[in-house]
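Student: I would like to learn how to read helix packing and ligand contacts in a model. Where do we start?

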Amino acid sequence: MDVETIELKDASGFPGTAERLLTPASLEELAGILKEARAGRVPVTILGSRTGITGGSMPRSGWAVSMEKFRRLDIGEGRTRCGAAVTLNEIAAEAGKTNQFYAPDPTEWTASVGGTINTNASGSRSFKYGSTRNHVLGLLVAHIDGTVREYKRGEPIDFDVPELPLPATTKCTAGYQLKPGMDWVDLFCGSEGTLGVVVEADLKLLKKPKSLLAGVVFFPTMDQGFDAVDAWRGVAGLRMLEFIDFNTLDLMRPSYPEIPAEAKSALMIESEHPDADAWVDRLEAAGALLEASWFGETDRDRERFRVFRHGAPERVNETVLRRGFLKLGSDFAVPVTRTREMADYYYSVLKERWPGQYVIYGHVGDGHLHVNLMPASAEENRLGNEIMRDWARQAVALGGTVSAEHGLGKRKSHFLRLQYSSDQIEAMKQVKRRLDPDWLLGNGNLFPED
Ligand SMILES: Cc1cc2nc3c(=O)[nH]c(=O)nc-3n(C[C@H](O)[C@H](O)[C@H](O)COP(=O)(O)OP(=O)(O)OC[C@H]3O[C@@H](n4cnc5c(N)ncnc54)[C@H](O)[C@@H]3O)c2cc1C
């Protein structure tokens, strides 16, 4: 077992400090660490790939336990058994050899199985396939008392919980999603390292579609981009519907001079078993810049477009960190019918109140746009945080959620009470106390006051 004292950062630049960094190499070592931590009342924070952007994997104190040595990867028919540290990249490469794929695609492919389960990650393909929880068949979990249990999908929890209201969104990862009779797998998905340690997971694999059209479709106006979202939402086989606004295109232009000069918005699409003629008609009807848009049918094309789309959050992050601030990005989702209303609200607030640089992009098909504010001064940073709180309230008022896919971690834990009442949060805490009575796992995640 390796031991050292460390300073850490997650992908948002949020810092953490641990007295020890432990890298167990076996289940026995991991169980021993957890037992020792419990006996000594030492907080334990679990590290995945640290691509999280809410500070969830950043310890405030105690021990950081990296799962990096849990690397089993067995591919079967329709399923894979993976160690917690296996990355989405690695699953894609191995599953691809058997003509299968793992549907969740948070675009950050270095993210780990353990991390994506604990944030209930989703991303661009969730438009068709939903969030990570839909693809988890079973979990091997180590508990804080050192016991280890295998949980199969459908195995109900053995204690009573109330039903907490879910927002009318297609995705939500704000707190525990409690429901009487729910199963253990659903309880652990999205629990942000606060209930147990995911050691291995059984995940669903799907057959690759025989044909797939991928594209980055450019539009001469923002409205045409949004109109196309409404028009295309119901297209059979569409599995990705991502929005890119004019500011994001401008941010990307230096690296992508081929972005058409007249483009003011873009939609990134993937369509399984596409009807090419129907797509041409659809693109023309939507007023897309057909000749200047990018299309492809191969894995390489898709990867090229993914890298382009992924470049947006990467550039935002680099810019903001260079200026000495943390990423200030929204993760609110609203019911899909309120998508345009929420987008209009974002832009009107930005026009009235935000003096600085910003970009908007993301999972528009799920009513889930990421607004990224890029502060250049302490005052802008303060104002940006104030605006984010305003938007969180507005998202909830429209029937939405304060976190669709990133989780709340430590940076956004203050949003939980905007979506849930004190009694409902207390119900979540009771579950936490049952599984982690001394409140040692993932301290500071979800429940800020603890
Ligand atoms: C450029 C960029 C783009 C991104 N785009 C998306 C996107 O489109 N959609 C999306 O959903 N996310 C996105 N993310 C966020 C991030 O990739 C996800 O949150 C991912 O799920 C984190 O995985 P990880 O392995 O890095 O986990 P970490 O960041 O290491 O940890 C995340 C949380 O899970 C807990 N955890 C990790 N492993 C375990 C385990 N084995 N057992 C128990 N708890 C554990 C941690 O304690 C922490 O609370 C993006 C990030 C970046 C940097």
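Tutor: Start with handedness: a crossing is left-handed if the near helix is turned anticlockwise from the far one by less than a right angle, and right-handed if clockwise. Helices (H or I, at least four residues) and strands (E, at least two) are DSSP runs, numbered from the N terminus. Here, helix 6 passes helix 10 in a right-handed crossing. This is a predicted model, where local features need pLDDT of at least 70, side-chain atom pairs count only at pLDDT 80 or more, and totals for chains, interfaces and linings use all residues. Residues are numbered from 1 along each chain as its sequence is written, and side-chain values use heavy atoms, with hydrogens and water left out.

Student: Which residues of helix 6 and helix 10 make the contact?

Tutor: Contact means heavy atoms within 4.5 Å. Helix 6 contributes M222, D223, F226, D227 and D230, and helix 10 contributes R340, A343 and Y347.

Student: How is the packing of two helices described?

Tutor: By the angle between their axes and the distance between the axes. Axes are lines fitted to C-alpha atoms, for helices over the stretch in contact, and angles run from 0 to 180 degrees between N-to-C directions. For helix 6 (residues 222-232) and helix 10 (residues 339-353), the axes come within 12 Å and cross at roughly 160 degrees. Angles under 35 degrees count as roughly parallel, over 145 as roughly antiparallel, 65 to 115 as roughly perpendicular and the rest as oblique. Helix 6 and helix 10 are therefore roughly antiparallel.

Student: At what angle do helix 10 and helix 11 cross?

Tutor: At roughly 155 degrees, with axes that come within 11 Å. That crossing is right-handed.

Student: Which atoms of I46 and the ligand pair up?

Tutor: A polar contact is a pair of N or O atoms within 3.5 Å; within protein, one must be able to donate a hydrogen and the other to accept it, and residues adjacent in sequence count only if both atoms are side-chain atoms. A polar backbone atom of I46 is 2.6 Å from a ligand oxygen atom. For a backbone N or O atom of S122, the distance to an oxygen atom of the ligand is 3.1 Å.
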